[in-house]
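Let's take a friendly walk through one protein model, topic by topic. Keep the sequence and the 3D view at hand as you read.

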Amino acid sequence: GDPELPTAVNVTWSSINFKTILQWQPKPSGYFYIVEIHGQTSDTKKKCIMTEETECDVTDVLRNVKETYTAHVLSVPSSGTDDFDKPPFAISEKFTPYSQTILGKPEIQNYTQKGSKLNVVFRDPLTPYTFPNGSFQSIRDIFQHDLEYKLYYWKDQSSGKKDATTKSHQFEVSVDSTKNYCFYIQGIIPSRRENRHGQESMVLCTSVGRGILDEYGAEVFIIIAVVAIAVITLAIVLPVILCKRKKAKAAREKEPLNGV
């Protein structure tokens, strides 16, 4: 009979902003893999034909992002599939890009803190898919009104967070004009049951009116105060001690020598 080939295991989907990679194990030795993508309503498409890798970029065959797909990872001999009526294969879990891809980090373009208003402007993450003119679609172009963003912000050096939500590309929130604030942004798909929250943007902090106390903390001022008190005390006490020593020396010089 035909020799049996190992079947792939641990077949998993990894998808961020609709860029989707299929991964599996083990590394092949003496045989190859072929990936087949099966849609519920679309034709089967083959990817990474006769590959020795254990991952395959399947982004371009998942363009119908609301379709549900399964992947078959076939194990085939070096001579191809002709040696097998049906090559051994592993089947992945079902995957629907629209409901399962992870939202990537939003890009913060500009932020200002003027008076009691914090204003933050950001940009949507881009996807690998393009418009007919060649420009890349953003996640907003695909999710449209299903997409919203949340701003988390807090007073610098404080742990108490506040948040605000928008469907636009901008936040404007009221803040304490005497304090600096740190913040980050996160995309959200409220209609999802899983993977609702996307990756967090980098944390940024304002620096309007940042004083020495904000920069270094109260401990530095306590140290400075202690040093200042010590210097003042020394300035008062030292002349007194020197004066007493001078008077004592003068008194000794006036005393008659012993035995004279």
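In strand β4, T51 is the bridge partner of Y33. This is a predicted model, in which local features need pLDDT of at least 70 and side-chain atom pairs count only at pLDDT 80 or more, while totals for chains, interfaces and linings use all residues. Residues are numbered from 1 along each chain as its sequence is written, and side-chain values use heavy atoms, with hydrogens and water left out.

**A pair of strands**

- Strands β3 (residues 31-39) and β4 (residues 45-51) run antiparallel and are joined by four bridges.
- Strands here are DSSP runs of E with at least two residues, numbered from the N terminus, and two of them pair if DSSP finds at least two bridges between them.
- To get from β3 to β4, the chain passes through a hairpin of five residues.

**The disulfides**

- A disulfide is a covalent bond between the sulfur atoms of two cysteines.
- With a disulfide taken as a pair of cysteine sulfur atoms within 2.5 Å, a search of the whole structure finds two.
- One of them joins C48 to C56, with an S to S distance of 2.0 Å.
- The torsion about the S-S bond of C48 and C56 is about 95 degrees, so this disulfide is right-handed.
- Another disulfide joins C182 to C205, with an S to S distance of 1.9 Å.
- This pair links distant parts of the chain, as C182 lies in strand β15 (residues 181-188) and C205 in strand β17 (residues 204-205), 23 residues apart.
- The torsion about the S-S bond of C182 and C205 is about 105 degrees, so this disulfide is right-handed.
- C182 is buried with a relative accessible area of 5%, while C205 is partly exposed at 33%.
- Number the bonded cysteines in sequence order and the pairing reads 1-2, 3-4.

**The nonpolar core**

- A nonpolar core is a set of buried Ala, Val, Leu, Ile, Met, Phe, Trp, Tyr and Cys residues joined through side-chain atoms within 4.5 Å.
- The largest one has 44 residues, and those touching the most other members are W13, L22, W24, I37, V58 and L62.
- β3 gives the most to this core, with four residues.

Note on methods
Buried < 20%, exposed > 50% of the residue type's maximum accessible area, 1.4 Å probe, protein only.
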